[in-house]
Amino acid sequence: LRALTGVLQAWALEGIPEVSPGDDLVALIGDALERGVPLADGDIVVVTSKIVSKAEGRILHADDREDAITEQTVRLVASRTSPTGHVTRIVENPLGIVSAAAGVDASNTPDGTVLLLPADPDASARAIASGLRERSGARIGVLVTDTLGRAWREGQTDHAIGAAGVHVFEDLRGHTDTEGRPLVVTMPCVADEIAGAADLVKGKAAGLPVAVVRGRADLVGDLDLPGARTIVRPAERDMFRQGADEAYAEGYAAGRAARA
């Protein structure tokens, strides 16, 4: 990540307990901050969506995770069955996010339950940011993140699914590169870059669901900035609405129908 000062710092917060429905995340995060490095203007607090979902009671009693995925599916993008019989579904969920399993999480939840994503991650981020700003007196931003895969690349990384007080894009269109050539389509999704950087210190299994990133104060602004919902590409600009096999099957069926 490019920081204006040339230095980007990220650290995870220790001491945040297991979160339960109804817990006050501002209080839990604020207490952890006061035991460590206090917030400063321009800091970005990065919160794993799982604890937001738990605090908001987004726990669904479902013995079958596949049924829960079906309930959260707005549109099937692709489905594949592995040699062992495991089915992976890439779907669009009610938030417009395309991901595996619609974001339904069965890890670290009681037996017979699954965890859904927050109903409105941008609103969740605004509530946390507003509370932390009031408590700390610092002008900070908040990102709510979830782990997603990427088309064309193996593995996963964290992405921003909620944002408040943070510019999610750095629009460089109209600027010039170091050789003086105009930048036409360059618009880094800095919210996702920060989410990935924070994940390096939070880890996936370390029990550290919150991190602070310092060094990009230029990205922090008013709480009513456009949220992470604006990162989701609208349907009319989505060139990959289906998986390859699904697109082929649909085209083949359409061709047969036309000939008939």
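Tutor: Of the 260 residues in the chain, 42% are buried, where buried means under 20% relative accessible area, exposed over 50% and partly exposed in between (1.4 Å probe, protein chains only). The model is predicted: local features need pLDDT of at least 70, side-chain atom pairs count only at pLDDT 80 or more, and totals for chains, interfaces and linings use all residues. Residues are numbered from 1 along each chain as its sequence is written, and side-chain values use heavy atoms, without hydrogens and water.

The chain holds 14 salt bridges, each being a side-chain nitrogen of Lys or Arg within 4 Å of a carboxyl oxygen of Asp or Glu. One of them joins R214 to D43, with the closest N and O atoms 2.7 Å apart. R214 belongs to strand 10 (residues 210–214) and D43 to the loop between helix 1 (25–34) and strand 2 (44–48), so this pair ties together parts 171 residues apart in sequence. Here helices (H or I, at least four residues) and strands (E, at least two) are DSSP runs, numbered from the N terminus. D43 is buried at 1% relative accessibility, whereas R214 is partly exposed at 22%.

A salt bridge also links R80 and D245, at 3.6 Å between the closest N and O atoms. Since R80 lies in strand 4 (residues 75–81) and D245 in helix 6 (residues 244–259), the pair ties together parts 165 residues apart in sequence. R80 is partly exposed, at 33% relative accessibility.

R216 and E170 meet in a further salt bridge (3.2 Å, N to O). R216 is buried at 4% relative accessibility, and E170 is buried at 14%.
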